[in-house]
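Please look over the sequence and the 3D structure shown here before reading on. The report that accompanies them is meant to be read with both in view.

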Amino acid sequence: MNNPNLPRQRTIERINAGLARRHASEKFFRQIGLFSLLIGVACVAILFSSIISKGYTAFQQTFLQIEVHFDEKYFSLTGKNDTDTLSSADYGGIVKQSLRTLFPDAVGRQEKRLLYELVSTGATYQLRDMVMQDPALIGRTLLIWVPASDDVDMMIKGHMQRDVPESERRLRDRQISWLDQLSGQERLSLKFNSAFFTNGDSREPELAGIWGALMGSILTLMITLLLSFPIGVATAVYLEEFAPKNKWTDLIEVNINNLAAVPSIVYGLLGLAVFINFIGFPRSAPVVGGLVLTLMTLPTIIIASRAALKSVPPSIREAALGIGASKMQTVFFHVLPLAFPGMLTGTIIGMAQALGETAPLLMIGMVAFIVDIPSGIFDPATVLPVQIFLWADSPERAFVERTSAAIMVLLGFLIIMNAAAVLLRKKFERRW
């Protein structure tokens, strides 16, 4: 005898079996997604830990304390306010005399040369600045902390092994014994490296800083923001709100989307051909870098601004038009305020992208070795990513930590800019 409930039981069994398979598939998919997320977080953690472990020591610098006698024989002054004489005095001789007084056992040209190598050439500039600020120091004797050379700095920070054969390290046994004497006398110390944040570039690692590149980045981004934001927003408003829908506007939209995918070095070639060779702007100037980065970020800002305009509900426009507002009034007083958070977010993300660009700026000459701090948009300058590129290509071991430290500063700026984009969007965004 046939059971009438049998087909129903088989159907339920098949449904339950299918549900079990779907639940198993969903669980597997969630596990794969979680595993992928963990891999991504692990890679980022490894990247950050590698950069920080190599770069945090750059925020400290080794200093030596020496007894400096500002002997009048090094100045030959007719009057102690003679600025030219003060500036051109033999400060290097003063440093060398201080070292010879500290280590009288250093005899012979070879030993004296090794002794002088313990101190950075920046010590002479430090003494010059002190005397220029206070000429009354001439004739006096002071205890002064001066920067050590990059080799000494690497040894003190543990980046150079002292227990390897002498032929395999840059510091000689005699120099290490002098450093041990200084350490025993508490004349050797690690201090905060303010020069890293206040100096421009230098051939000497212990004197190199990021302030010049940072000022170049600020001036370049200022030009980029002043040009790209109004042009990008105006273009997006016209295309989305006022332009007729025809084949020409379709062609413009396609080209804008294509320009967003063009390699950045192409913009550098364009800037080299147009802004430098044709118009005649100076090479390595922030104004040229700003113009090039403006061309590169415009597509990003236009696309983000158009997406923000599209996100405004049509009912806002219809309500404004219904109460008698013109098309212009509707756009500027109703649509734009609501779309502004999205536009601002897209602009900040575009600026963050421009901050990290290197290739287009290499093409317009911002890879030059610039020591002076730029004071205007037409002064020679470099930017932080290019500075990192230059230091990474330097053979000195001390530039490795400077490179990683500059990357940390750059990543800090990028994190701040992206966090600002998120916070501003949350602050001004309205939900319907």
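## Basis of the model

This is a predicted model, in which local features need pLDDT of at least 70 and side-chain atom pairs count only at pLDDT 80 or more, while totals for chains, interfaces and linings use all residues. Residues are numbered from 1 along each chain as its sequence is written, and side-chain values use heavy atoms, with hydrogens and water left out.

## The nonpolar cores

A nonpolar core is a set of buried Ala, Val, Leu, Ile, Met, Phe, Trp, Tyr and Cys residues joined through side-chain atoms within 4.5 Å. Buried stands for under 20% relative accessible area, exposed for over 50%, and partly exposed for values in between (1.4 Å probe, protein chains only). In soluble globular proteins, nonpolar side chains tend to be buried together.

The largest nonpolar core has 41 residues, and the members that touch the most others are Phe 196, Ile 210, Val 288, Leu 361, Ile 364, Leu 384 and Trp 391. At least two residues of this core come from each of α9 (211–242), α11 (264–278), α12 (286–310), α14 (327–355), α16 (384–392) and α17 (398–428). The helix that gives the most is α17, with seven residues. Helices (H or I, at least four residues) and strands (E, at least two) are DSSP runs, numbered from the N terminus. Another core, of 37 residues, lies apart from the largest one and includes Phe 70, Tyr 91, Leu 127 and Leu 171.

What does Leu 361 contact beyond its neighbours within four places in sequence? Its partners are Gly 289, Leu 293, Met 366, Val 367, Val 383 and Val 386, where contact means heavy atoms within 4.5 Å.

## Two helix pairs

The axes of α14 and α17 come within 8 Å and cross at roughly 175 degrees. Axes are lines fitted to C-alpha atoms, for helices over the stretch in contact, and angles run from 0 to 180 degrees between N-to-C directions. The two helices α14 and α17 are therefore roughly antiparallel to each other; angles over 145 degrees count as roughly antiparallel, under 35 as roughly parallel, 65 to 115 as roughly perpendicular and the rest as oblique. Residues making the contact include Leu 344, Ile 348 and Leu 355 of α14 and Phe 413, Leu 414 and Phe 428 of α17. By type, the residues of this contact are 15 nonpolar, three polar and one charged. Here Ala, Val, Leu, Ile, Met, Phe, Trp, Tyr, Cys and Pro count as nonpolar, Asp, Glu, Lys and Arg as charged, and the others, Gly among them, as polar.

The axes of α9 and α16 are 8 Å apart, and these helices pack at an angle of about 145 degrees. Ala 213, Leu 214 and Ser 217 of α9 meet Leu 384, Pro 385 and Gln 387 of α16. Four of the residues in this contact are nonpolar, two are polar and none is charged.

## Buried polar side chains

Thr 62 is in strand β1 (residues 60–69) and counts as buried, at 0% relative accessibility. Its side chain makes a polar contact with the side chain of Asp 153 (2.7 Å). A polar contact is a pair of N or O atoms within 3.5 Å; within protein, one must be able to donate a hydrogen and the other to accept it, and residues adjacent in sequence count only if both atoms are side-chain atoms.

Thr 403, in helix α17, is buried at 9% relative accessibility. Leaving aside neighbours within four places in sequence, Thr 403 is in contact with Ile 388, Trp 391 and Ala 392. Asn 193 lies in the loop between β3 and α8 (195–198) and is buried at 2%. Among the contacts of Asn 193 beyond four places in sequence are Phe 59 and Arg 402.

Most residues other than glycine have a negative phi. Glu 186, which is not a glycine, has a positive phi of about 60 degrees, and Ser 284 has one near 65 degrees.

Are these residues buried or exposed? Glu 186, in the loop between α7 (173–184) and β3 (188–192), is exposed with a relative accessible area of 64%. Ser 284, in the loop between α11 and α12, is buried with 7%.
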